[in-house]
Every structure is written in structure tokens, then in C-alpha cells.
Amino acid sequence: MTSQPISPISKAVSPLYLGIDVGGTGMKIGVVDNDGKTIGFVAIPTEEPRGPSDAMDRATAAASELLASLGLSCQDIVRVGLGTPGSQDISKGMLIEPPNHPHWHNFPIVNCLEKALGLPVSFANDANAAAFGEFWVGTGKVYSSMVLLTLGTGVGGGIIIDNQLVVGQNSFGGECGHMIIDPRPDARLCVWGGGRGHLEAYASASAVAQRAEEELVAGAVSSLQKNVGAITTKLIYEAAASGDAFSLRIVDETADYLALGIATIVHTLDPGLIVLGGAMNFGGTQSPVGIRFLRQIEESFKRRSFEYVANGTKIEFASLGGDAGYLGAAGIARMDFMKLPA
Ligand SMILES: [Zn+2]
């Protein structure tokens, strides 16, 4: 359930942290040591309709069981990191209106988990936690700044500048997917909130599938014609890998949209590293299509950017997959723990 190697407890570097990543369907819970190594891991279903209090109780029970299996208890953990989908009020520890969690609105989740576990909890947006995971122990580990873009149902984001996670005044920091890249009145609609012209409306996996679908319905010549009505980015990737010119063009155009967003991120923040995570990676570095996708983003980004800052900016795929969230949540707990007075 985790792709991380499980490090033996005998080699764990103290102190230890608990990282909890709450998703739409599952919750991932990891015991993580001070070096970011996973000592133990368990995944349980979210069961969203049962509500957040029930979920935090079950997460606490699963964590206690996991710790017991390692010969540990909650007393061996110094701090917990919790990542959940937004919207949130991070400073108040509140869930506000997470769209995929309709039964979880306006809930004091941090207080609830702190009471259940008897431990202090650091709270983060799930995409920010994933960014922090890649920053701490993934693709960004040798950098002091980076921006993560996750290409999934939407385009998530997380920003770390000079070793600090950007949370922002309204707990909305890092929502790069809602950057406006198309100002036209008939620009594509964003999945959430209905804003027009957002990066997410062009470059999320669902938007890419929809763009392809629309062109196919309009008669585009492609081996994907037989799949009209059920286009996915996986199908686009497979067709592109077989040399389908239409699918390759969709990949290239997606790269170009992302480059527009990345140019703005780099001109605003100069992070030095852009990490692309999420399910849509067109095979990643294991595939010529994935490598082409990355190169196209780089070339398009360079054409639009100041040369010296573009030359000092790397664009790479994420390396932690679905584990970035719980690792990053643990990493944020560690960062908060280290800020406490000794
Ligand atoms: Zn949007």
C-alpha cells in the first residue's frame, strides 16, 4: 500500500512522527522517523458519509494498532501531521468546505484528532503536504525552494520558499491550479468554483481528456475514435506511445498550457525547481512520451521566460507517488516540532 521501503525500527532516528493523509476514499497513516524514513504504514478507508469524528476515531485506532505492532505507543510519537483536502482554516484547525467531503464541512478536525490521540497535531492542505513530502525526502530534497503541481482530477499545488511552506492568509496558498492562463470570456471552465481560464481547466487529467474528447467528436483523425465517450489520459498516453499524431499533439498542447503557468510561477517566486506529480505523467521518465512531455514543457517555458532564471530552473517528475502526502504531513509536524523552544 506504500511504495516506500519500510525501515526497521532498530535503525529509526528519533524523534518519531505520525503522518496522516486523508483522501476521498482512503486514509494513509505512516510512522516516520526524523530522517523521513517510513517505520510503519497502514491504510484504511475514509468512509466519508460516516463523518470526520468517526474517521478520526478510526484513524486513531489504526495508528495505535500500528504503533503496538512496532512495540511502540503514542508516547513514542512527538507530533502528528494531518493533511486533508481544502478548503480549510489552517490556523484554527478547521475544515471549511472540502468539496469531496460533503459530510465534513465546518468541522474542528485538529481538536478532534488531538483529543483522540492525546498528541499535538500540525495541519496542512493535502496538496501542500504532498509538496512538503517531495521537498523533504523526494525530488526536491536537495533544494531549499520548490513548487509542486499535481496533475490529477484537478491541478493541485504546493509552494516551499526558503524552506518555508506557503500557507497564506486564507489557507489558500499554493493553489496554482486556479492561476488564470486564458482571459477570454469563453475560456474553459474550472472544475471547482466555475472560474474561467484557470490552468486546471486546461491541464488537469480530466480537462485533458475532455479537450481530446471534444476534438474527437468534432472529427479529429485518431486511433482514439473508437474510444469516444470514454477518453482518459491513460488512453491518450497509450495512443501517443503507439505514434498516434493526434494524441501526441494533445500531450504537446498540455505541455504548453503547463508552461504558461510555470512561467508565471517562476517569474513570481523563482523556486528553482518545479515538480510534476499526480497520475497524469504520460509514463514519466520510463516512457518516451513522458520524456517528450517534460521536454516540451521545458522548451515552451524557456521561450516565455527570462533566460538566466529559466536556465536556473529544473522541471522534474515527482518521486514519492501517493506516499508524498503522509510523508509531507509528518515532515510538517517535524518542522513545527523543531520550531518549539527546547
Ligand atoms: Zn479554478
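Helices (H or I, at least four residues) and strands (E, at least two) are taken as DSSP runs, numbered from the N terminus. The structure is a predicted model, in which local features need pLDDT of at least 70 and side-chain atom pairs count only at pLDDT 80 or more, whereas totals for chains, interfaces and linings use all residues. Residues are numbered from 1 along each chain as its sequence is written.

The secondary structure of the protein amounts to 10 helices and 12 strands. The C-alpha trace spans about 60 × 45 × 40 Å along its principal axes. The radius of gyration, computed over C-alpha atoms, is 20 Å, in agreement with the value near 20 Å for a compact globule of 342 residues (the globule rule being 2.2 Å times the number of residues to the power 0.38). Of the 342 residues, 45% are buried (20 or more other C-beta atoms within 10 Å of the residue's own; exposed means 12 or fewer, and partly exposed lies in between, with C-beta atoms placed from the backbone). Among contacts with a separation of 6 or more, 63% involve residues 24 or more positions apart; two residues are in contact if their C-beta atoms, placed from the backbone, lie within 7 Å.

Helix 2 (residues 109-117) has Ile 109, Val 110, Cys 112, Leu 113 and Leu 117 as its buried residues. They lie on the same side of helix 2, because they cover an arc of only 160° around the axis (the arc of the directions from the helix axis to the C-beta atoms). These buried residues pack against helix 1 (52-69), strand 4 (77-84), strand 6 (94-95) and strand 7 (121-125). Gly 118, with a positive phi near 70°, follows helix 2.

The axes of helix 3 (residues 126-137) and helix 10 (residues 324-339) come within 6 Å and cross at roughly 80°; axes are lines fitted to C-alpha atoms, for helices over the stretch in contact, and angles run from 0 to 180 degrees between N-to-C directions. Helix 3 is therefore roughly perpendicular to helix 10 (65 to 115 degrees; under 35 is roughly parallel, over 145 roughly antiparallel and the rest oblique). The residues of this contact comprise 10 nonpolar, four polar and two charged, where Ala, Val, Leu, Ile, Met, Phe, Trp, Tyr, Cys and Pro count as nonpolar, Asp, Glu, Lys and Arg as charged, and the others, Gly among them, as polar.

Ser 14 is located in the segment before strand 1 (16-22). Ser 14 counts as exposed because it has 8 C-beta neighbours inside 10 Å.
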